[in-house]
4 protein chains.
Amino acid sequence: MAKKQLNVGLIGYQFMGKAHSNAYRQVNRFFDLPAQINMHTICGRNEAAVTAAAETMGWANVETDWRKVVANPEIDIIDISTPGNLHAEIAIEAAKAGKAVWCEKPIGNTLPEAKAMLDAVQAAGVPNAVFHNYRKAPAVALVKKMIEEGKLGTIYHFRAVYLQDWIADPNFPLVWRLQKEIAGSGTHGDINAHIIDLARHLVGEFDEVCGHLHTFIKQRPIAGAINDKLGAEATSEMGEVTVDDAAMFLAKFKNGALGTFEASRFAVGRKNKNSFEINGSKGSVVFNLEKMNELEYYNAEDPEGYQGFRLIQATEAVHPYAGQFWPVGHIIGYEHTFVNLVADAVTAMCAGTPISPDFVDGYENQRVLDAVEVSSENRGWVSL
Amino acid sequence: MAKKQLNVGLIGYQFMGKAHSNAYRQVNRFFDLPAQINMHTICGRNEAAVTAAAETMGWANVETDWRKVVANPEIDIIDISTPGNLHAEIAIEAAKAGKAVWCEKPIGNTLPEAKAMLDAVQAAGVPNAVFHNYRKAPAVALVKKMIEEGKLGTIYHFRAVYLQDWIADPNFPLVWRLQKEIAGSGTHGDINAHIIDLARHLVGEFDEVCGHLHTFIKQRPIAGAINDKLGAEATSEMGEVTVDDAAMFLAKFKNGALGTFEASRFAVGRKNKNSFEINGSKGSVVFNLEKMNELEYYNAEDPEGYQGFRLIQATEAVHPYAGQFWPVGHIIGYEHTFVNLVADAVTAMCAGTPISPDFVDGYENQRVLDAVEVSSENRGWVSL
Amino acid sequence: MAKKQLNVGLIGYQFMGKAHSNAYRQVNRFFDLPAQINMHTICGRNEAAVTAAAETMGWANVETDWRKVVANPEIDIIDISTPGNLHAEIAIEAAKAGKAVWCEKPIGNTLPEAKAMLDAVQAAGVPNAVFHNYRKAPAVALVKKMIEEGKLGTIYHFRAVYLQDWIADPNFPLVWRLQKEIAGSGTHGDINAHIIDLARHLVGEFDEVCGHLHTFIKQRPIAGAINDKLGAEATSEMGEVTVDDAAMFLAKFKNGALGTFEASRFAVGRKNKNSFEINGSKGSVVFNLEKMNELEYYNAEDPEGYQGFRLIQATEAVHPYAGQFWPVGHIIGYEHTFVNLVADAVTAMCAGTPISPDFVDGYENQRVLDAVEVSSENRGWVSL
Amino acid sequence: MAKKQLNVGLIGYQFMGKAHSNAYRQVNRFFDLPAQINMHTICGRNEAAVTAAAETMGWANVETDWRKVVANPEIDIIDISTPGNLHAEIAIEAAKAGKAVWCEKPIGNTLPEAKAMLDAVQAAGVPNAVFHNYRKAPAVALVKKMIEEGKLGTIYHFRAVYLQDWIADPNFPLVWRLQKEIAGSGTHGDINAHIIDLARHLVGEFDEVCGHLHTFIKQRPIAGAINDKLGAEATSEMGEVTVDDAAMFLAKFKNGALGTFEASRFAVGRKNKNSFEINGSKGSVVFNLEKMNELEYYNAEDPEGYQGFRLIQATEAVHPYAGQFWPVGHIIGYEHTFVNLVADAVTAMCAGTPISPDFVDGYENQRVLDAVEVSSENRGWVSL
């Protein structure tokens with residue numbers, strides 16, 4: 001009997017498009033899944049560029065109008081990897097068309113958009129997923145398991161940063177990620193969103209937040225062409241930066257834990273430091289995406305005098321996902337978090353169960369993002 | 001010609017008393033100073049205990065009434081190492097008596113106390129110092145020098161934690177450090193005070209703060225005897241914890257930098273993690289007291305492809321203080337920060353210049369502590 | 001005009017087969033190469049197993065007789081990923097058939113085998129490669145570049161270990177890797193071979209070696225079925241371990257540098273620690289495969305007081321290979337070393353230049369392995 | 001009743017003299033011992049210099065002729081901290097005079113000297129000690145305890161380096177430590193001696209060794225004045241370096257463990273990296289003197305999936321020596337290893353038990369040093 005086939009239509013072909021394409025190409029090579037993912041169609045507005053991308057990345061068909069992809073009856077899953085300003089419209093159309101909708105984060109550029117998207121997939125009853133891929137690093141999945149098994153006890157502290165430095169140079173141009181009307185927000189929606197998702201996933205729901213969004217460099221050279229992060233030339237004309245360069249906030253969780261969060265693109269020397277520490281009554285863990293195959297774990301129940309943070313190489317067959325790839329000590333990389341996410345999503349879709357994370361997660365994440373923005377304006381705590 | 005002699009009277013003989021005594025014993029052995037420190041008198045209320053301490057630590061005389069120490073004309077310097085509730089009265093009397101006043105931090109248990117102490121030393125014109133000893137770790141002094149020389153450029157971020165776990169066990173007794181009337185505050189005054197001092201010393205003055213103080217465990221067994229941290233037995237009776245277990249806050253500095261601060265005694269696995277990271281336009285540094293001989297330094301002006309955080313062993317003869325002790329790679333410890341502080345204080349006193357840090361620093365520190373407490377109550381930002 | 005097509009026939013489908021298959025699948029997705037790799041045929045003796053492997057890994061055809069693969073005129077490249085006892089025969093046949101020959105390391109189970117293989121590819125004039133994949137980690141390639149540019153100056157020391165612990169349990173069964181007639185040698189040929197290759201690649205040719213091979217556990221339960229590392233069941237019958245558990249040696253290089261080498265499968269806690277340190281007159285570097293995206297670099301020409309080992313994240317666009325994958329700080333994994341090796345091999349083959357590393361490297365490596373074995377028997381130094 | 005008094009006469013006042021003086025000054029301040037150490041007399045040939053040293057370091061009397069110190073009936077302990085060429089004569093005289101003899105390492109410049117010294121203290125029946133101070137770092141003492149308790153199981157590997165870089169510059173002058181007639185040997189006796197002692201102390205006696213001593217820079221500028229490491233000026237005249245710059249060797253221990261040892265003063269970037277790793281059947285440990293308050297420990301009996309090297313901060317009250325100093329996380333330094341050694345020596349002397357380490361250790365250490373030198377000349381293994 002032939003395996004179930006799932007045809008994907010991918011909207012967007014830049015950084016996230018490349019990461020998602022790789023996941024679709026690799027997932028059935030490493031996971032024994034109930035369905036086969038097919039790379040059916042890739043879509044972008046620039047026909048030459050998207051055609052080249054299709055060939056490089058292995059897509060069967062090319063399209064320049066996303067509506068045609070959504071309308072195509074051969075396609076089962078719409079993957080939305082565009083800048084944030086297009087997410088809502090595509091997602092809602094795709095849901096109406098009965099497609100599974102898998103969307104990059106944050107799902108909408110505004111909270112109402114996110115709500116409309118959630119309503120749409122729930123009304124249509126279609127499978128939905130959001131690409132909070134860092135949940136799927138083996139070390140992070142191990143933390144989830146440890147918490148569920150009570151290994152950390154009562155959680156007192158969640159302490160996270162997501163630090164980068166790619167715009168610390170004042171002459172770095174005004175790419176689309178620095179423009180509110182396209183990107184929705186700056187560090188806050190781009191990278192705080194990730195650590196907020198990890199917090200919700202691992203610690204639980206937020207109760208209150210109090211934060212501050214800040215823009216260090218308020219004007220930058222306008223970009224010669226709208227490109228991704230690393231691709232734009234600076235022009236001699238200046239334009240307004242309309243998003244935050246850094247965003248920090250304090251939080252209280254509903255279960256009584258305290259949280260600190262900080263995202264910045266001005267942390268000179270930090271390239272992709274998505275790192276958290278959790279302190280519980282029975283133990284603590286530390287994760288850093290730049291060393292994503294490792295987990296530091298302190299077990300408060302180790303014998304006195306022999307306690308300490310131990311460095312677990314989360315590459316053993318017993319660790320989540322790790323057994324699908326290579327023997328212990330042979331590390332995996334950033335791209336594998338997407339492979340793992342797609343494997344989980346395919347499994348859940350075939351089983352008819354919710355995908356984790358889904359649009360509920362996407363929406364709840366955005367409620368937190370939004371509350372922090374309100375808090376930054378109101379200069380005080382905001383309840384969720 | 002005989003060297004100038006400085007006779008010290010030390011009030012208090014527990015943890016800080018031991019650390020200060022060691023500094024007085026060692027300072028002239030490693031530093032060539034304009035004066036000789038003499039360990040003249042140690043004072044405590046329990047005569048047997050203070051007599052034993054005097055013998056162990058090498059004090060010439062013992063006293064049980066601090067007023068007699070202050071009144072003793074042979075004594076030049078009054079060192080106040082008692083719990084916080086006694087600082088103000090002793091300091092003010094000592095100032096009136098024309099003594100140099102060296103005081104543990106935070107200088108007062110309340111802001112008005114701190115102000116009265118500052119006024120007293122200024123009115124009396126006496127040399128004064130506060131034991132913010134971590135300024136004097138060679139690696140921290142190196143950071144100060146780097147910032148003064150412009151090596152870090154414009155500072156964007158200061159990010160500090162001071163994490164311990166010694167009261168995470170709910171059965172840990174209600175020692176004096178957990179009682180507001182004696183200790184003044186909990187983690188906030190005990191350990192946030194240290195990272196606030198480092199922030200002021202390295203980054204500059206605070207503009208605004210917004211924070212939250214929290215008590216996880218509100219009742220504890222009453223301690224059998226008032227002892228220091230590690231010394232009390234639990235009784236079967238319960239008492240109210242009246243200080244904070246954790247204190248976190250966001251900050252804006254007057255120079256435009258952003259700050260995050262978190263102190264906790266519930267960070268299971270963290271023993272004495274007094275750690276900060278500074279991100280500037282030209283470079284970044286990371287310090288952690290548990291590895292206090294090291295400084296991580298990222299130089300943004302290193303050649304492309306060869307940038308990275310480098311681990312400086314701040315034990316070279318060219319590093320501040322380090323040349324007084326041992327050859328490179330032969331580390332010093334916690335106690336040496338006090339030796340360095342006393343060396344600096346003696347030098348400044350003999351030169352008639354202000355000691356760094358002094359009561360102005362103590363008072364300004366307390367203004368920040370106080371503003372965070374107000375912010376915690378008012379649930380919003382507070383200006384300084 | 002159509003791109004040149006290169007059809008691969010892969011002999012072997014276990015651990016190395018999986019790693020090589022992935023490289024063939026991915027290489028043209030990330031590198032812009034002068035030829036397209038096609039996964040033409042996979043070959044193994046167990047038809048059911050190899051058929052399953054072909055489907056999982058994406059091979060077009062299946063074969064159970066390697067001679068048919070070698071004889072197939074459609075195939076351009078024979079990839080030999082079998083246990084070592086089959087390497088020589090297949091390689092020599094493949095060379096005679098005019099195929100490019102790409103072989104796992106060590107190329108032969110004995111030095112005469114290796115010599116015969118080298119002679120065969122040279123006589124046939126066919127492109128040849130050996131899978132010393134760790135040369136192709138970006139951080140290692142960066143070290144190569146640094147040495148070529150003189151950044152390390154005169155090299156004084158090369159200090160390498162390759163430490164694992166997967167057979168430290170005395171009950172671990174007698175898998176094929178512990179049998180001399182199949183595997184050729186133990187840790188020495190399996191993992192010392194890797195650090196010897198890195199030494200030759202980075203420092204230069206060996207002059208003399210002096211070493212010791214050791215077997216801690218001389219008898220083990222016979223394996224239920226011959227499987228790879230992690231796959232065999234123990235039976236109740238015992239058999240002789242005929243290879244070394246650990247192999248250590250001292251070396252002098254022709255350029256005057258000194259070397260220490262140690263490989264062990266009894267280094268409890270070490271999973272895959274392939275690590276080296278190089279000390280040169282102008283600087284030093286440290287690499288560890290378990291943290292393969294990082295390189296520690298000490299620049300002796302940094303200003304006094306600011307020297308230290310810096311942690312380079314070798315994931316920047318300017319670093320070798322790294323720009324083909326993801327933005328800085330988004331790490332790659334073990335499997336990418338094979339992708340990089342295949343990319344280099346395709347490029348060299350199309351240009352008609354020698355592949356690095358090739359059978360000359362494989363043979364020279366084996367000369368060193370052999371000299372250490374002789375030294376271990378003769379209990380003294382052996383010249384190369 | 002008055003405490004027993006022990007009067008020390010210290011011969012030598014440079015680097016080791018400073019470290020020993022500090023230990024004598026501090027030991028009774030931190031340890032409750034059965035005797036009081038008194039700093040009676042310091043001795044050196046340069047009267048002005050030794051007088052200044054006495055004042056700085058706190059010695060009561062000064063002497064320029066060591067024979068007078070040895071003859072002084074008030075003195076109980078002769079501490080020999082001179083260059084190695086004077087050790088034997090002083091030690092033998094001191095033993096004859098019935099003094100306790102405490103000597104820097106290596107005890108003699110040659111094996112016959114060491115033997116004569118051992119014979120002398122045994123014949124005289126006087127307490128004797130050798131300053132292998134690194135045994136006394138809390139983390140090392142913890143390893144000793146772990147091994148004695150069986151926590152590491154059967155030991156398979158001991159892997160040690162002692163790496164420095166202070167003479168890597170070819171223009172560094174020919175100080176006394178580079179002259180065989182004064183220093184005895186180079187890195188080998190100076191720093192290999194330390195890791196050999198740690199190996200004997202922790203693993204057990206050596207069975208066979210095979211090594212190589214090497215001099216990279218054979219001529220250097222003659223030093224203007226014989227000074228310690230960091231003190232000499234270079235002259236324009238060149239002289240022969242008569243000791244080794246680097247020394248490496250393989251070892252087999254009598255209990256079946258394997259060892260690798262490497263000492264170098266040409267490991268650019270390494271300041272004082274005295275580091276070892278021990279792999280046993282039940283666990284492994286890693287120590288590095290530059291981070292001497294930490295011990296990495298891998299427990300093979302931790303649950304599957306939760307194994308990893310843990311970082312123990314060996315600063316807890318339950319750790320050897322650490323409870324004498326400061327609370328957990330407040331580190332101690334290099335100098336404290338001497339304080340701990342002296343505390344142990346005083347305790348043993350008063351109890352009439354052998355001091356650890358004593359002249360037997362000094363002599364056995366020298367037998368290993370000597371065997372490696374013979375091996376280097378003979379180019380093969382040497383039995384002990």
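The model is a predicted one.

Colleague: Now the interface itself. How many residues of chain D are in contact with chain C?

Modeller: The general idea: the size of an interface is often given as the accessible area lost when the parts come together. Here, take the residue count. 30 residues of chain D are in contact with 30 residues of chain C.

Colleague: Which elements of chain D each supply at least two residues of that side?

Modeller: Strands E7 (155-163), E8 (206-214), E11 (246-253), E12 (258-264), E13 (273-280) and E14 (283-288) of chain D. E12(D) has the largest share, four residues. By class, the side of chain D that touches chain C divides into 15 nonpolar, twelve polar and three charged residues.

Colleague: And how many residues of chain B are in contact with chain A?

Modeller: 30 residues of chain B, against 30 of chain A. Strands E7, E8, E11, E12, E13 and E14 of chain B give two or more residues each to this side. E12(B) gives the most, with four residues. The classes are 15 nonpolar, twelve polar and three charged.

Colleague: Next, the open sheet of chain A. What is the order of its strands?

Modeller: In general, strands of a sheet pair through backbone hydrogen bonds, either parallel or antiparallel. In this case six strands run in the order E3-E2-E1-E4-E5-E6 (chain A), with parallel pairing.

Colleague: Which are the edge strands?

Modeller: E3 (61-63) and E6 (128-130) of chain A; each pairs on one side only. Neighbouring strands of the sheet are turned by 25° against each other on average, direction ignored.

Colleague: Take one pair. How many bridges join E4 to E5 of chain A?

Modeller: Four bridges, between residues 77-80 and residues 100-103 of chain A. The two strands run parallel. Within E5(A), Cys103(A) stands opposite Ile80(A).

Colleague: Which strands of chain A does helix H9 lie across?

Modeller: H9 (residues 334-351) of chain A lies across E1 (4-11), E2 (35-43), E5 and E6 of chain A. The helix runs at about 115° to E2(A).

Methods:
Residues numbered from 1 in each chain as written. Chains lettered and ligands numbered in written order. Predicted model: local features only at pLDDT ≥ 70, side-chain atom pairs only at ≥ 80, totals over all residues. Contact = placed C-beta atoms within 7 Å. Nonpolar A, V, L, I, M, F, W, Y, C, P; charged D, E, K, R; others polar. Pairing = 2+ DSSP bridges. Axes fitted to C-alpha atoms, helices over the stretch in contact; angles between N-to-C directions.
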